[in-house]
Amino acid sequence: MATATNTVSKDVPDNSKDSPVIVVEHVYKQFGSNLVLRDFNLVVNKEENVVVLGKSGSGKSVLIKCIIGLLKPDSGNIMVFGENVSELNHDDLDKIRTKIGFLFQGNALYDSMTVRENLEFPLRRHWIGYSQKQVDALVIEALENVGLAHTVNMMPEELSGGMLKRVALARTMILKPDVILYDEPTTGLDPVTAREIDNLIIKLQKKYHTSSIIITHDMHCVKNTADRVALLLDGKCYSEGKYEDFENSTDKNIKQFFE
Amino acid sequence: MALTGSIREFFDETGSVARFTGRFFSTGMKPRFEIKELLSQCYIIGYKSLPLVALTGFIMGLVLTMQLRPSLVDYGVESQLPVMVGIAIVREIGPVITALIFAGKIASSIGAELGSMKVTEQIDAMEVSGTNPFKYLVATRVLATTLMLPVLTMMGDAISLFGAYIGVNIRSVTSFHLFFTQVFHSLSFGDFSPAFIKTFFFGFAVGMIGCYKGYNSSKGTRGVGNSANSAVVLASVLIFIIDLLAVQLTDLLGLN
């Protein structure tokens with residue numbers, strides 16, 4: 001298990017599985033006097049699921065919000081597909097965001113729209129040339145992927161917590177992104193539904209060959225979904241490795257997640 | 001010390017509103033325009049406010065007439081009641097009361113809607129899906145309030161005058177034709193146009209403040225409640241300030 005952060009490369013990614021799609025290097029982010037990220041480094045390769053593990057309030061969500069450009073790091077670089085997101089203008093950022101899906105912790109479905117309208121919303125903005133028939137087919141395909149095709153005309157308020165999460169996942173996947181950022185995908189769900197979400201993450205990753213960063217402190221989710229785990233502690237990438245390495249670790253900072 | 005803090009807070013807030021307004025012109029007015037959402041907001045903001053504006057307008061016209069009558073009877077100029085009511089409604093009371101009713105309904109609803117969208121990360125979700133939430137949410141709502149309030153004011157004025165006609169006929173008999181002939185003979189273009197033009201500014205202020213408060217809502221249910229509440233208060237105060245400036249300006253231009 002690596003105990004230091006990786007040396008990262010700014011090379012343009014190639015098509016091999018080991019090529020990096022996201023490179024986070026020396027990122028600092030501070031809110032007032034609270035230094036949330038300090039010299040944080042992380043690399044995510046093509047078709048790799050990286051779980052960022054950490055306690056509540058450790059800065060995990062801040063990290064992925066910096067990656068998608070919702071927050072700007074105070075210093076350091078975040079390269080996504082070879083582009084430094086903190087230096088992009090709004091139009092270029094919008095272009096790169098079409099390649100990145102983001103699953104919010106609270107789902108963030110538009111509550112004034114039906115499930116269909118929620119899924120159509122990103123499609124209508126980016127795949128402008130598509131006919132209504134094609135849009136309908138994509139919406140149904142996305143909902144079938146999560147087993148909820150029958151909810152297409154329902155309002156978000158009519159759905160259960162697990163269904164909302166799955167619809168949010170369908171919306172995240174509808175533009176067929178290359179990278180997906182999951183913010184606490186299983187938080188607030190019962191264990192059975194949480195495992196269903198884990199399985200969906202794996203299924204969709206295999207189907208669409210996506211790379212993912214999964215933010216969680218749910219160890220079952222880590223075990224089920226992680227190709228690699230990075231522990232965020234005191235704003236730094238404290239440790240990286242396979243789930244099994246973490247499980248067998250004697251480090252007290254790592255062991256506390258398994259107790 | 002507290003006074004200094006309040007003054008600083010006032011100037012901070014004023015600066016933030018000015019920046020937000022600047023962003024509306026620099027970002028919100030650039031293509032691509034969200035026409036479908038704009039039409040939808042015009043329907044919600046304009047059409048759905050009509051019953052409230054109509055009811056308050058009718059009552060306002062009726063009550064104003066009934067309150068004015070005794071004074072005019074004392075001076076022996078009861079026949080001038082339609083003229084007086086007409087000028088009062090068209091020049092001042094109609095636009096201001098309609099704008100205040102509109103602010104109470106629309107500024108609070110926009111503040112609460114955008115505030116809850118902010119709190120539940122729906123605005124962030126829009127942004128990460130590559131849609132500019134400022135254009136989609138703010139520009140459309142501000143344009144809708146700016147365009148719809150003048151229309152509502154005209155309708156409110158008409159219904160108010162009808163209420164005044166009913167009010168006149170409670171104690172005496174005046175024909176519909178005579179009442180409205182007297183009203184329109186007393187009104188000139190100079191009475192109507194400044195009152196009409198200022199309603200665009202009232203509408204803009206209501207939309208801008210509602211969106212500003214909602215878009216910058218703090219987290220939690222209290223934050224959303226505060227956004228809705230402060231949107232109404234600030235929008236109402238701005239309506240009076242704009243009205244004051246409009247009256248001064250029309251006076252300077254010799255339109256009064």
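User: Where does B:Arg32 sit?
Analyst: In this predicted model, B:Arg32 lies in the loop that links helix H1 (2-28) and helix H2 (35-45) of chain B.

User: And the peptide bond from B:Pro31 to B:Arg32, is that cis or trans?
Analyst: That bond is cis, and its omega is near 10°. For background, most peptide bonds are trans.

User: Which element is A:His26 in?
Analyst: A:His26 belongs to strand S1 (residues 20-31) of chain A.

User: Why is A:His26 called partly exposed?
Analyst: Because 15 other C-beta atoms lie within 10 Å, and the buried class needs 20 or more while the exposed class takes 12 or fewer.

User: What about A:Glu47, where is that one?
Analyst: A:Glu47 is in the loop between strand S2 (34-45) and strand S3 (49-53) of chain A. Phi of A:Glu47 is positive too, near 60°. A:Glu47 is partly exposed, with 19 other C-beta atoms within 10 Å.

User: New topic: how many residues of chain A are in contact with chain B?
Analyst: 14 residues of chain A are in contact with 10 residues of chain B. On the chain A side, helix H2 (90-97) and helix H3 (115-126) each supply at least two residues.

User: Which element gives the most to that side?
Analyst: H3(A) does, with four residues.

Technical notes: Residues are numbered from 1 along each chain as its sequence is written. Chains are lettered from A and ligands numbered from 1 in the order in which they are written. This is a predicted model: local features need pLDDT of at least 70, side-chain atom pairs count only at pLDDT 80 or more; totals for chains, interfaces and linings use all residues. Two residues are in contact if their C-beta atoms, placed from the backbone, lie within 7 Å.
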